[in-house]
Structure formats: C-alpha cells, structure tokens
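Here is a friendly tour of one protein model, written for someone who likes to know the cut-offs behind each term. Have the structure open as you read.

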Amino acid sequence: MAKPLMAKATAVWLVDNTTISFKQIADFVGMHELEVQGIADGDVAAGVKGFDPIANNQLTQDEIDTAQNNPLYKLKLKFNPAASGEEKRRGPRYTPLSKRQDRPNSILWLVKFHPELSDGQIAKLVGTTKPTIQSIRERTHWNISNMQPIDPVALGLCKQSELDAIVQKAAAKKAAEGGVMSDDERRKLVSTEQSLEMDSAPKIPTAIEGLETFSLSNEPEEKEDDDVIVDADSFFNLPKDGGSEEDDEDPRP
C-alpha cells in the first residue's frame, strides 16, 4: 500500500484536526498505533508541524468523513502524480552529519577487506561518491595518512544484513566467473554468520613447532668405524709400572 508524503507530519495533522481512531491513522501513514497515541499525548513528534493531506492532494474530505463515521474503515490515499516514485530512494544513502567524518574510514575498511565490491556498491552502501572511493583505493585521499579501517556496521553507516547481501552477491559473481579463491578470499566473500561457522585451518601444536620441514630420508646415517679398537688404559693415561706420575718425581732439589 502506498504511503502519504511526510507521514509523521500527516499523522500530526489528522490527530489534531479529526476524530479518526489511532488505528486508522496508523494504518494510513504506516506507523504503529502506539506511536500515533504518543503523538496525541505529546510524547512523539514534539514540534513537528502538521501536514494537511487535503490541501496537498492526498486525501479528500469525503474520505475523512467516511473514516470518522466508521471506525473500521481504512483510509485510501488519493492518487497524486507528484508523489509517484517517492518511496524509492534516489541517489546515495543519506549519512547524518555526526557520522560523515567516519565515512572515509568505513570506505577504507571495505576497500581493504572486500576489494571485490564495486565502487557503485560501496557508494550505495555507505552513501559516498565514486571519486572519493577511487582516491582511497589509489591512496591519494588528502587525509589517507590519518585514516584507519573501521567496519561500517560498527559505525552505524549500514546494517549487517545489507553488508552481507552485497558480499554474497559478489561471491555469486566470483563463482560465476569461475575464479579460484584462496581460503582468505573465500571467507571474505561470505556473510559474517557463515564465516563464523567455518572450520578453522589446522594449526601446528606448540610442542612440535619448528619441525615443519622435518622429514625421514632413506639415506643411511654415517656410523663410526666399529673396527677401531680402543684401549681402556688410554683413557686413564697410567704409567706402565702402575705408579702415579707424582711418585716418579724426585722431591729433593
């Protein structure tokens, strides 16, 4: 069902100027019934100026009268050619002013960890322009030396589901091209949930680190010559007469 322009402002006007039930207004503008009740209580949309749907060619007075007389009646939006296509977002994603300074860091993260994403996909995901992405790819951005890669999901620039969707799309395109991917590339091209479910690569136990190149060979080891006969007396260097060397010396001057 099509929604009216400036839905919250339209709800404010209907609450202030009609006796239509909260449920009918909520269904018409696409809000929750409790939000509409909050507007009536002054807790929601404080300071928002009402938007007249009759003057702006979105409702007729007859439609409003019918809804006021029948609590079960659902308001129908009047066809307005000027509102055609307004539900579809155009251009890059809007980024709040408080988060725009972090946007280059998120672009650097996407370029570093997901190089398979096109400039158009990145621009649509975080709300930027292709020249900015290109300057970060080529490291010619004026602030590249002070930038750090930060996950755009952590910065609140996009949702995890949105990031996973474009990553999976890139994975499907990579598979269709028939390219051979390494383990690291394969993990980058899947969603976060799938990546966490993958088995980690086997690691060498700490006790045998350093023996990666050890191998058994068939070459016989060099052995000492068993034919050499060693005399046991040579180990002690004893004189032939059995006495000690000190006894043979003359103590007299």
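## A pair of rings in α5

Trp-109 and Phe-113 are four residues apart in helix α5, so about one helical turn separates them. Helices here are DSSP runs (H or I, at least four residues), strands are E runs of at least two, and both are numbered from the N terminus. Together Trp-109 and Phe-113 make a tilted aromatic pair, with 5.3 Å from centre to centre and 40° between the planes. Rings of Phe, Tyr and Trp (its six-membered ring) pair if their centres lie within 6.5 Å; planes under 30 degrees apart are stacked, over 60 edge-to-face, and the rest tilted. The structure holds one aromatic pair.

Buried means under 20% relative accessible area, exposed over 50%, and partly exposed in between (1.4 Å probe, protein chains only).

## About the model

This is a predicted model, in which local features need pLDDT of at least 70, side-chain atom pairs count only at pLDDT 80 or more, and totals for chains, interfaces and linings use all residues. Residues are numbered from 1 along each chain as its sequence is written, and side-chain values use heavy atoms, leaving out hydrogens and water.

## The whole chain

The protein chain has twelve helices and zero strands. Of its 253 residues, 27% are buried. Its accessible surface comes to about 18500 Å², and carbon and sulfur atoms account for 52% of that; the areas come from the Shrake-Rupley method with a 1.4 Å probe, and for residues only the protein chains shown count as cover.

Among contacts (heavy atoms within 4.5 Å) between residues at least 6 apart in sequence, 56% join residues at least 24 apart.

## Asn-105, also in α5

Helix α5 also contains Asn-105, which is buried, with a relative accessible area of 13%. A polar atom of the Asn-105 side chain lies 3.2 Å from the backbone nitrogen of Gln-148. Setting aside neighbours within four places in sequence, Asn-105 is in contact with Met-147, Gln-148, Pro-149 and Ile-150.

## The enclosed helix α6

Why is α6 described as largely enclosed by the rest of the structure? Six of its eight residues are buried: Asp-119, Gln-121, Ile-122, Ala-123, Leu-125 and Val-126. These buried residues pack against α5, α7, α8 (152-155) and α9. Just after α6, Gly-127 takes a positive phi of about 75°.

Gln-121 sits in this helix, which spans residues 119-126. Beyond residues up to four places away in sequence, Gln-121 touches Glu-116, Ile-166 and Lys-169.

## Two nonpolar cores

A nonpolar core is a set of buried Ala, Val, Leu, Ile, Met, Phe, Trp, Tyr and Cys residues joined through side-chain atoms within 4.5 Å. The largest has 21 residues, of which Ile-107, Leu-110, Ile-122, Leu-125, Val-126 and Leu-163 touch the most other members. At least two residues of this core come from each of α5 (103-113), α6, α7 (130-137) and α9 (160-177). Helix α5 gives the most, with five residues. A second, separate core has 19 residues, including Ala-11, Trp-13, Ile-25 and Ala-26.

Notes:
Polar contact = N/O pair within 3.5 Å; in protein donor to acceptor, adjacent residues only side chain to side chain.
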